[in-house]
Amino acid sequence: MLKYLGRSLKMGKDEGEAKEYEPLLKDFKEPVQQIKSVQSFINQTWTDRYSTEISHEMLTLFWSIIVSIFTIGGLVGASVGGTLAIRFGRKGTLLFNNCFAILAALLMGLSSPSGAFELIIIGRFLIGVNAGIAICAQPLYIGEIAPRALRGAMAMGTSVFITGGILTGQVIGLKELLGKEEYWPILLSTTCIPAVLQLLTLPWFPESPRYLLIDRGDDAGCQKALIWFHGQEKYHGEREDMEKERVSAVGVKPKKPWELFSDRSVHWQLLTLLVIHTSQQLNGINAIYFYADYVFTQAGIPEDKIPYATVGTGACECITALTCGLLIESLGRKALIIGGYSLMGEASPWVPYLSMVCVFAFILSFGLGPGGVTNILTTELFTQTDRPAAYMIGGSINWTSFFLIGMIFPFIVTGLKQYCFLVFLVICCLVATFIFFVVPETKNKTFLEIQSNFHSRKKLFAANGTDGPLLTTAM
């Protein structure tokens, strides 16, 4: 989401300096005040080193790298997150992962006083690695420690805190707080705050009981963790579910991603994983954030007030994530994710002058379903030995799709203009249809029961002359 980087780098208002960078802005289609401070720093550093101003092409290249390197880091993190979660445990991986965030904050904060813009690039890559690992390990941990009846609501914590973090970044990036030109190194360094808080609090929590029992065979550790999480009186039911899953996993080692592709028993789950993670990025939500400033401008909002309207979009997504957490155990996963995609299709802002309400409706629809339910489904569709590999695959798909939409969306806009959202309308409708016919409801079911539901679908397709979806490692 380049919009968030732009907001976090939005500094001063010097009009003369703004005009200097107007040609560059045509490449990024972002308001000048969002990026000019870091670009000014790069230009000044280049001049100090080589006694000449940086060329337009080179400045464009460095800014493109700063923007896109985050997604590359995220892809790297997602690719190793599942392996780390198996080797060091869910809790251990989360604790270790904070090192990337703290180091990234340190490098980005020192970039200005040291006169090295390369530190921003390295820091952005490291914070991307941190995000990629976290999006694997954190839902794994929450999904495995949650009671079955509250699994959906607790797993929504991932989306609630992601959207809360986005909103916090938008707020502290305003000019009244850390949005002034001289504060941008401090603003970039605030990424260390959540890491420090986690290092201070997470050590007091036990490791995932399911990981201790099934992956490590640590009965005593599992018992202690279950009592800590569920209490002396209520842990027996959770232990019983784990024992059944442990029996089914006897002699089975945690799978690698390529081994999961070769396992025909989970082909339906893999197809679902592919669809929901690809569509989470290609459904138009990132395009909405790219498009929002233009919509707000067309709606007559003054340019200096647009940052506050953008804060409103972050608040919308945060509120709907909380709402989804309250509704998910009563309405179920399937109803929310289908309803979310259906409403997103209806809310696509085709006509710029009438689309400000549609922008907020689109964001509300995304947060109500796809934004929160996707990670929960990834946890629930797979059993213990398959789950880390599934998160590695899903995370890699997600970050790759994120990168692709950032690359191709400007071309879609150029070709279709305001009708570009017709593409996302088609995607949303197709995904909603797929989930309606293929994905079973997972609310209040054990992981083995969910797996059994998918096996029943496989048998149904086999009876009709097909063996389900055909997936290969070349997918």
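Q: What makes the 85 residues a nonpolar core, and which of them touch the most other members?
A: A nonpolar core is a set of buried Ala, Val, Leu, Ile, Met, Phe, Trp, Tyr and Cys residues joined through side-chain atoms within 4.5 Å. In the largest such core here, with 85 residues, Ile-42, Leu-260, Leu-270, Tyr-341, Phe-382 and Ile-435 touch the most other members. Helix α22 (residues 387-416) gives the most to this core, 10 residues. There's also a second, separate core of eight residues, Leu-212 and Cys-222 among them. By the way, this is a predicted model: local features need pLDDT of at least 70, side-chain atom pairs count only at pLDDT 80 or more, and totals for chains, interfaces and linings use all residues. Residues are numbered from 1 along each chain as its sequence is written, and side-chain values use heavy atoms, leaving out hydrogens and water.

Q: Why is Phe-362 called buried?
A: Buried means under 20% relative accessible area, exposed over 50%, and partly exposed in between (1.4 Å probe, protein chains only). Phe-362 has 0% relative accessibility, so it counts as buried. You'll find Phe-362 in helix α20 (residues 356-368); helices are DSSP runs of H or I with at least four residues, numbered from the N terminus.

Q: What makes Ser-51 exposed?
A: Its relative accessibility is 67%, so Ser-51 counts as exposed. Look for Ser-51 in the loop between α4 (32-50) and α5 (56-88). Its phi is near 60 degrees, a positive value in a residue other than glycine. For context, most residues other than glycine have a negative phi.

Q: Why is α6 called roughly antiparallel to α11?
A: Helix α6 (residues 90-114) and helix α11 (residues 192-201) pack at about 150 degrees, with axes 8 Å apart. Angles over 145 degrees count as roughly antiparallel (under 35 is roughly parallel, 65 to 115 roughly perpendicular, the rest oblique). That's why α6 is roughly antiparallel to α11. Those angles run from 0 to 180 degrees between N-to-C directions, and the axes are lines fitted to C-alpha atoms, for helices over the stretch in contact.

Q: How do you know which class each residue in the contact of α6 with α11 belongs to?
A: Ala, Val, Leu, Ile, Met, Phe, Trp, Tyr, Cys and Pro count as nonpolar, Asp, Glu, Lys and Arg as charged, and the others, Gly among them, as polar. Contact means heavy atoms within 4.5 Å. The residues involved include Leu-94 and Asn-98 of α6, plus Cys-192 and Gln-198 of α11. Sorted by class, the contact has nine nonpolar, two polar and no charged residues.

Key: Helix = DSSP H or I, 4+ residues; strand = E, 2+ residues; numbered from the N terminus.
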